[in-house]
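Thanks for passing this one along. Here are a few notes to read with the structure open beside you.

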Amino acid sequence: MGKDVIKPNHYKQNSLECYEDMCIIFGKKFVCVFFIMNSYKYIKRFRFKNGEEDLQKCKEYINMYKSLVQQYDLSEDLDIISLNSIVNEIEELCEKFMKEF
């Protein structure tokens with residue numbers, strides 16, 4: 001993946017990253033869910049659309065989720081705790097499928 005497919009230039013139009021705007025507008029928990037749902041989308045479609053690039057995107061969204069949880073100290077939040085098993089499952093699948101490439 002030579003180009004930046006997660007944070008392309010069209011998302012860098014102001015001083016805040018797009019996800020930072022989303023945190024302000026929708027709240028941090030909803031952005032966490034958004035990251036998980038995007039990672040799921042990419043793991044679900046990788047065989048039919050963009051292959052390894054989709055797996056890289058999946059991994060990146062998992063990392064963005066983890067960074068957001070850490071950045072805002074959400075690790076003790078019960079909603080976040082309940083999401084972690086889903087994140088772990090998606091992450092395990094992503095790692096398994098990446099070995100195919």
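1. A disulfide here is a pair of cysteine sulfur atoms within 2.5 Å. This is a predicted model, and by that rule the count of disulfides comes to 0. C32 belongs to no disulfide: the nearest cysteine sulfur, that of C23, is 7.2 Å away. C32 is also buried, at 0% relative accessibility.

2. C58 may be worth a look on your screen. The nearest cysteine sulfur to C58 is that of C94, 3.9 Å away. Because a disulfide needs sulfur atoms within 2.5 Å, C58 is in no disulfide. C58 has a relative accessible area of 0%, so C58 is buried.

3. Which residues have the most contacts inside the largest nonpolar core? They are F35 and Y65, in a core of 26 residues. Helices α1 (18-26), α2, α3 and α4 each supply at least two residues of this core, and α3 gives the most, with 8 residues. As general background, nonpolar side chains in soluble globular proteins tend to be buried together.

4. Leaving aside residues up to four places away in sequence, Y65 touches C32, F35, I36, I80, L83, N84 and V87.

5. Now for the charged side chains. How many salt bridges does the structure hold? There are 6. One of them joins R45 and D54, whose closest N and O atoms are 2.8 Å apart. Both R45 and D54 are buried.

6. Another salt bridge pairs E100 with R47, at 3.2 Å from N to O. This pair links distant parts of the chain, 53 residues apart: E100 is in the segment after α4 (78-98), while R47 is in the loop between α2 (28-45) and α3 (52-71). E100 has a relative accessible area of 47%, so E100 counts as partly exposed.

7. Within helix α3, E53 and K57 lie 4 residues apart, about one turn of the helix. Their side chains meet in a salt bridge, with an N to O distance of 3.5 Å.

8. Last, K29, D77 and D79 are linked in a network of salt bridges.

Definitions and conventions. Residues are numbered from 1 along each chain as its sequence is written. This is a predicted model: local features need pLDDT of at least 70, side-chain atom pairs count only at pLDDT 80 or more; totals for chains, interfaces and linings use all residues. Side-chain values use heavy atoms; hydrogens and water are left out. A salt bridge is a side-chain nitrogen of Lys or Arg within 4 Å of a carboxyl oxygen of Asp or Glu. Buried means under 20% relative accessible area, exposed over 50%, partly exposed in between (1.4 Å probe, protein chains only). A nonpolar core is a set of buried Ala, Val, Leu, Ile, Met, Phe, Trp, Tyr and Cys residues joined through side-chain atoms within 4.5 Å. Contact means heavy atoms within 4.5 Å.
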